[in-house]
Structure formats: C-alpha cells, structure tokens
Amino acid sequence: MTAPPPAIFLMGPTASGKTATAVELMQHLPVEIISVDSALVYRDMDIGTAKPDAATLAVAPHHLINLIDPTGVYSAARFRADALALMADITARGRVPLLVGGTMLYFKALREGLSDLPQADSALRAEIEADAAQRGWPALHAQLAQLDPETAARLQPTDAQRIQRALEVVRLSGQPMSALWRAGREAALPYQVHAFALTPSDRAVLHANIATRFDAMLAHGLVEEVRALRENYPLDAEMPSMRCVGYRQVWSYLEGEYDRDEMRDRGIYATRQLAKRQLTWLRGMADVTVLEAGQADNAARMQAQLPF
C-alpha cells in the first residue's frame, strides 16, 4: 500500500509566534501555508486579526484568508471542504500542506470529520433564550448536564452560545450532541499528520505578549478599522465577525458603553481567555509535539523531527 502523503499542523494559542515559525519553515521546506483561523477569513479585518502583512504574504502566501465580507458566515464544515481541496492541490504539486492557526475546532473538524447535526431552529432558540433570561445560563447548563453530561463537562456554565446549541441539538434530534459527533465522524484524514504546538511554559510571558500585541493593534488603528467597517458594511454586534476578540470590545467602546482604557483592559482580558480556551483544546489532542513558544529555533526543531 502507498503511504499517505504528509501534512504538518502548527497549532498554538494566540500570540505564540505561529506565523513567524511557519514563514521560517517555508524557507527550508517545500510547504504551502493554509490558514486555520476563523477570523482571517474576513476581508478588511486586518489589524485586529493580526493578519500577516503584505510583505509577509509576498514571501509566504497564505491560503484561506480574505475569503468573505465581514457580513458573511464561515463554518467549520466549509473550512474542512476548502482545506481538503487545497491539500489535494498542494500534494499534487509535490509540496506539503502546512496548516497554521489557533482555531482548534477547525483542526478537529479536519482531522476527525464533522457530525450530521440538525439545522438551527429559530423558534426553539428563542424559547431557550427566554428560559435563560428567566433562570440564568448556569441553570440551563445544569439541565444540559442531565441530558448530555459529556458536552456539559467541557462548557463553562456561562457559555451561552454553546449551551444553547447543545440543548437545541438534544431537543431536535433526541440525542446528545456528543453522541452525534462520534456517530458522524467521517473517514480519517488521508494524510500522515505531523502535529506541533507552540505553547508557553510561563503563562505570564504569554499574557505579557498578549498585552503588548493588543496595544500595538490600538496604536496601528484598530479603533479606526472597526469604525470603517461599521461605515462600509451593514454590520451589527451579533455577527460572527464582530464577535471576534478585540472587535467586540471596540464595538462597545464606539457605542459609548465604556471608555478607551476599559476597552483596552477588556480586549486584553478577552484575548487571555481565548488563549486559555485554545490551550485547553490542545491538552485534549493526541499525538502533538509540544515546543516552547517564543524560541528562535522552533522552525529548526520542527524540521529535525520531520521525515522529509
């Protein structure tokens, strides 16, 4: 039997140096970069997403960025389809797909497939939201724990969006979401995956990097970017693009909900929470080689462990 072609996963929390490592790796190996980032798909959202700049993209082009307007929706299912098609093209050219990013759900969807979950039901969602307004999301989380303990165990009691979806799935299908995920997994990814993760051993260093980067985003015009997006697109605060970390906080600032200093603090805190969730995902992933984030020789360390 012919061995499956190789693919590289480079994962890690936000502000861990993934892009720089990938660009360096590209200078030494025949790889093409596929972005695994649910925010980089949006056009005109450059500063707050830490999108690679024009100079970086000139030497290291990224697939799957700037795909849709900020009014659009990009799902894990669409990512999987797009990524598989690109991986096949890259392999056919005799090169290796290098998938880089921090959207762990996308990595999971690519590697394990997607379940056949029921479509959203607006009436049922309204009913669940009304129940939450009366009793609170922690009470609904407790209800979910009775119906789908596996899903409830990985959700915070205040994670309204995911609790709502999990309850919706149970009520529509009669089955726990966790069971549907297992039953609906597609065939294994037809690649020999070499998975790496850049993770910090000192959480304080990551937090400092997050604060520095968010301040740099503000200095480079994040507020002006969000203001322009509001002027150029028919956006509202609940659209997925405007729920991205940083954009949500700047939106509220522009609405006058709090001042610039509080916006900064909230943006940094939200980014830290995002990094925490990403690290939680990573701890649950098998067969991942962990490298210390921020080391200058990470690309060389990766290359030394690859069989090509």
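**View 1. Contact surface between helices H10 and H13 in the predicted model**. On the H10 side, Arg203, Leu206, His207, Ile210, Ala211, Phe214, Asp215 and Leu218 meet a set of H13 residues comprising Arg260, Met263, Arg264, Gly267, Ile268, Thr271, Arg272, Ala275, Leu279 and Arg283. H10 spans residues 203-219 and H13 spans residues 260-283; the two helices pack at an angle of about 135°, and their axes are 10 Å apart. Because angles over 145 degrees are needed for the roughly antiparallel class, this angle makes H10 oblique to H13. The crossing in which H10 passes H13 is right-handed.

**View 2. The open sheet of six strands**. The strand order is E3-E2-E4-E1-E5-E6, and the pairing is parallel. Strand E3 (62-63) and strand E6 (288-292) form the edges, each pairing on one side only. Strand E1 (residues 6-11) and strand E5 (residues 192-199) pair in the parallel sense through six bridges. Within this pair, Ile8 has His194 of E5 as its bridge partner. Such pairing between the strands of a sheet is made through backbone hydrogen bonds, in either the parallel or the antiparallel sense.

**View 3. Strand E2 and its strand partners**. E2 and E4 pair in the parallel sense over six bridges, and Val36 has Gly101 of E4 as its bridge partner. Two bridges join E2 to E3, and these strands also run parallel; here Ile33 stands opposite His62 of E3. Six of the six residues of E2 are buried, so the strand is largely enclosed by the rest of the structure. In a regular strand, side chains alternate between the two faces of the sheet. Both faces of E2 are covered, with Val31, Ile33 and Ser35 buried on one side and Glu32, Ile34 and Val36 buried on the other.

View 4. Apart from neighbours within four places in sequence, the contacts of Ser35 are Leu40, His63, Leu64, Ile65, Phe79 and Val100.

**View 5. Helices H1 and H3 against the sheet**. Helix H1 (residues 18-26) lies across E1, strand E2 (31-36), E3, strand E4 (96-101) and E5, and runs at about 165° to E2. Helix H3 (residues 76-92) packs on the sheet as well, touching E1, E2, E3 and E4. The direction of H3 makes about 175° with that of E2.

**View 6. The buried side of helix H14**. In H14, which covers residues 298-305, the buried residues are Asn298, Ala299 and Met302. These residues cover an arc of only 100° around the axis, which puts them on the same side of H14. The elements that cover them include E1, H1, E5 and E6.

**View 7. Pro5 in the segment before E1**. Pro5 is partly exposed, having a relative accessible area of 25%. Leaving aside neighbours within four places in sequence, Pro5 is in contact with Thr91, Pro190, Tyr191 and Gln192. Pro5 and Arg95 are 90 residues apart in sequence, while their C-alpha to C-alpha separation in space is 9.6 Å.

Conventions: Residues are numbered from 1 along each chain as its sequence is written. This is a predicted model: local features need pLDDT of at least 70, side-chain atom pairs count only at pLDDT 80 or more; totals for chains, interfaces and linings use all residues. Side-chain values use heavy atoms; hydrogens and water are left out. Two strands pair if DSSP finds at least two bridges between them. Helices (H or I, at least four residues) and strands (E, at least two) are DSSP runs, numbered from the N terminus. Contact means heavy atoms within 4.5 Å. Axes are lines fitted to C-alpha atoms, for helices over the stretch in contact, and angles run from 0 to 180 degrees between N-to-C directions. Buried means under 20% relative accessible area, exposed over 50%, partly exposed in between (1.4 Å probe, protein chains only). The arc is that of the directions from the helix axis to the C-beta atoms. Angles under 35 degrees count as roughly parallel, over 145 as roughly antiparallel, 65 to 115 as roughly perpendicular and the rest as oblique. A crossing is left-handed if the near helix is turned anticlockwise from the far one by less than a right angle, and right-handed if clockwise.
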